Amino acid sequence: MTYKQLLHSQSLMITASSIVFPFYLLLLRNLGDSYSQFGLAYGIFALTAALSHPLIGAWSDRVGEKRLLILYTFGMAVVMLVIPVLSTITQVYIIQVIMGLLGALQKTAEKIALSRQTDRAHTGKQVGHYHLWTSIWAALAVIATGYIIDFLTIGSLFYITSFMYVAAGVLIWQKQSSLNATIRCKSIYGQVT
């Protein structure tokens, strides 16, 4: 995975999550009977992510960060399709566990991919540039959503973000498969040893 590929796919993923995050909070609050249920839902997310990080870190050494990011994008796409139809707090808790696992996948894979794509002499500059652009996309997504929500339903935002997660996954997968095809082609003609 190239640095630009990582930057573009992560920007798309962060944009998607920034679009729905404020509305997901409202959904959680509306389904729960109290702020304690709301707090428990986020606690479940954070605890699941924390406990799964060591396992995912070890797993990433075997499967690679690209596969983890693809799993994250398609997993989140499915979750975004399910969220608008949640009707009980128990369903929210189950989604929070799934999102905690997926969030740990994303955090681990992002850091691994970013560490592999930076030039050691300019790591700080490249990481700063990476966070600049992913943060700008997140901010623009929140601002734009504030304006367009009057024309859409909250459920439609989740469907739009599901599509964005799929697009990010395809971006990661497609570029990698194109690279593999090029390498295979060159090796057939003896250009790669």
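Thr161 is found in helix H6, which covers residues 154-188. The model described here is a predicted one. Is Thr161 buried or exposed? Its relative accessible area is 0%, and because buried means under 20%, Thr161 counts as buried. Leaving out residues up to four places away in sequence, Thr161 touches Ala16, Ile19, Val20 and Met80. Ile19 is also one of the H1 residues that meet helix H5, and Met80 is among the buried residues of helix H3.

The whole chain can now be set around this residue. The chain contains six helices and zero strands, so its elements, read from the N terminus, run α-α-α-α-α-α. It has 193 residues, of which 39% count as buried. Among the contacts with a separation of 6 or more, 82% are between residues 24 or more positions apart.

Helix H3 spans residues 65-82. It has 18 residues, and the distance from its first C-alpha to its last is 26 Å, close to the 26 Å expected at 1.5 Å a residue. Which residues of H3 are buried? They are Glu65, Leu68, Leu69, Tyr72, Thr73, Gly75, Met76, Ala77, Val79 and Met80.

Val79 of H3 deserves a separate look. Its relative accessible area is 5%, and it is buried. Val79 and Ser162 are 83 residues apart in sequence, yet their C-alpha atoms are 7.8 Å apart in space. Apart from neighbours within four places in sequence, Val79 is in contact with Ile95, Ile98, Met99 and Leu102.

Two packed helices are described by the angle between their axes and the distance between the axes. For H3 and H4, the angle is about 150° and the axes are 8 Å apart. Angles over 145 degrees count as roughly antiparallel, and H3 and H4 are therefore roughly antiparallel to each other. Their crossing is left-handed.

H1 passes H4 in a left-handed crossing. The H1 residues in this contact are Tyr3, Leu6, Gln10, Tyr24, Leu28 and Leu31, while those of H4 include Ile89, Gln96, Met99 and Gln117. Sorted by class, the contact has eleven nonpolar, four polar and one charged residues.

H1 has a further partner in helix H5 (residues 123-148). The axes of H1 and H5 come within 8 Å and cross at roughly 35°. What is the handedness of the crossing of H1 and H5? It is right-handed. Among the H1 residues in contact are Tyr3, Leu6 and Gln10, which also take part in the contact with H4. From H5, the contact includes His129, Trp133, Trp137 and Ala141. By class, the contact of H1 with H5 has twelve nonpolar, eight polar and no charged residues.

Definitions and conventions. Residues numbered from 1 in each chain as written. Predicted model: local features only at pLDDT ≥ 70, side-chain atom pairs only at ≥ 80, totals over all residues. Heavy atoms only, no water. Helix = DSSP H or I, 4+ residues; strand = E, 2+ residues; numbered from the N terminus. Buried < 20%, exposed > 50% of the residue type's maximum accessible area, 1.4 Å probe, protein only. Contact = heavy atoms within 4.5 Å. Left-handed = near helix turned anticlockwise from the far one by under 90°. Nonpolar A, V, L, I, M, F, W, Y, C, P; charged D, E, K, R; others polar. Expected span 1.5 Å × (residues − 1). Axes fitted to C-alpha atoms, helices over the stretch in contact; angles between N-to-C directions. Parallel < 35°, antiparallel > 145°, perpendicular 65-115°, else oblique.
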